[in-house]
Amino acid sequence: MSEFVNGLSQARAHIEAAVIKRATEDPQFRALLLANPHAALKDLLGNDPIPSLTIRVVEEAAGEAVLVLPRQIAEDELPDELLDFAAGGNAKECWWKFNQWAYKQDWMP
């Protein structure tokens, strides 16, 4: 797994842990998360990190366990996060992220 993909996985795990903690402690946030995940992320993080991403929130029922398997990202496949940058027109940041992903470079001009 490349450093970039590993970094995305770590960021996702960190955000998921923060969302679950807040939803456990705050019933209003939990209700918002179930009704409108993008609004809940904006409330938690200050912005919606990837507005084009479809987010589904599933609440476990008593006597059930939900296991989510994230899709695997091939080493030669551009992650959606890079495609979002390209579509958004932020060429400088997109090129920097692409270089990190493709060439494992960790610098930004």
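Among contacts in the chain between residues at least 6 apart in sequence, what percentage join residues at least 24 apart? The value is 34%, where contact means heavy atoms within 4.5 Å. The structure is a predicted model, in which local features need pLDDT of at least 70, side-chain atom pairs count only at pLDDT 80 or more, and totals for chains, interfaces and linings use all residues. Residues are numbered from 1 along each chain as its sequence is written, and side-chain values use heavy atoms, with hydrogens and water left out.

The chain contains 5 helices and 0 strands, and its elements follow the order α-α-α-α-α from the N terminus. Helices (H or I, at least four residues) and strands (E, at least two) are DSSP runs, numbered from the N terminus. The chain exposes about 8100 Å², of which carbon and sulfur atoms supply 57%. Accessible areas come from the Shrake-Rupley method with a 1.4 Å probe, and for residues only the protein chains shown count as cover. Of the 109 residues, 19% count as buried. Buried means under 20% relative accessible area, exposed means over 50%, and partly exposed lies in between (1.4 Å probe, protein chains only).

The largest nonpolar core consists of 6 residues, namely Val-19, Ala-23, Phe-29, Leu-33, Ala-40 and Leu-41. Helices H1, H2 and H3 are the elements that give two or more residues to this core. A nonpolar core is a set of buried Ala, Val, Leu, Ile, Met, Phe, Trp, Tyr and Cys residues joined through side-chain atoms within 4.5 Å. With neighbours within four places in sequence set aside, Ala-23 is in contact with Phe-29, Arg-30 and Leu-33.

Side chains of opposite charge can pair when their charged atoms come close. A search of the whole structure finds 5 salt bridges, each defined as a side-chain nitrogen of Lys or Arg within 4 Å of a carboxyl oxygen of Asp or Glu. One of them joins the side chains of Arg-22 and Asp-26 at 3.4 Å, N to O. Arg-22 counts as partly exposed because its relative accessibility is 24%. A salt bridge of 2.8 Å, N to O, also joins the side chains of Asp-43 and Arg-22. This pair links distant parts of the chain, with Asp-43 in helix H3 and Arg-22 in helix H1 (residues 3–25), 21 residues apart. Asp-43 has a relative accessible area of 43% and is therefore partly exposed.

Another salt bridge is formed by the side chains of Glu-59 and Arg-30 (2.9 Å, N to O). Distant parts of the chain are linked by this pair, as Glu-59 lies in the loop between H3 and H4 and Arg-30 in helix H2 (residues 27–35), 29 residues apart. Glu-59 is partly exposed, with a relative accessible area of 40%, and Arg-30 is likewise partly exposed, at 33% relative accessibility.

His-38 lies in helix H3. Its side chain makes a polar contact of 2.4 Å with the side chain of Asp-48. A polar contact is a pair of N or O atoms within 3.5 Å; within protein, one must be able to donate a hydrogen and the other to accept it, and residues adjacent in sequence count only if both atoms are side-chain atoms. Not counting residues up to four places away in sequence, His-38 touches Asp-48, Ile-50, Pro-51, Leu-53 and Ile-55. Of these, Ile-50 is placed in the loop between H3 and H4 and counts as buried because its relative accessibility is 19%. Ile-50 and His-38 are separated by 12 residues in sequence and by 8.8 Å in space, C-alpha to C-alpha.

In helix H1, Glu-16 is joined to Arg-12 by a side-chain polar contact of 2.8 Å. Glu-16 counts as partly exposed, at 38% relative accessibility.

On the surface, Val-58, Val-66 and Val-68 form a nonpolar patch with about 260 Å² of accessible area together. Patches are made of residues with over 30% relative accessible area and no salt bridge, with like charges joined within 9 Å and nonpolar side chains (Val, Leu, Ile, Met, Phe, Trp, Tyr) within 5 Å. Val-66 is found in the loop between helix H3 (37–45) and helix H4 (80–88), and its relative accessibility of 34% makes Val-66 partly exposed.
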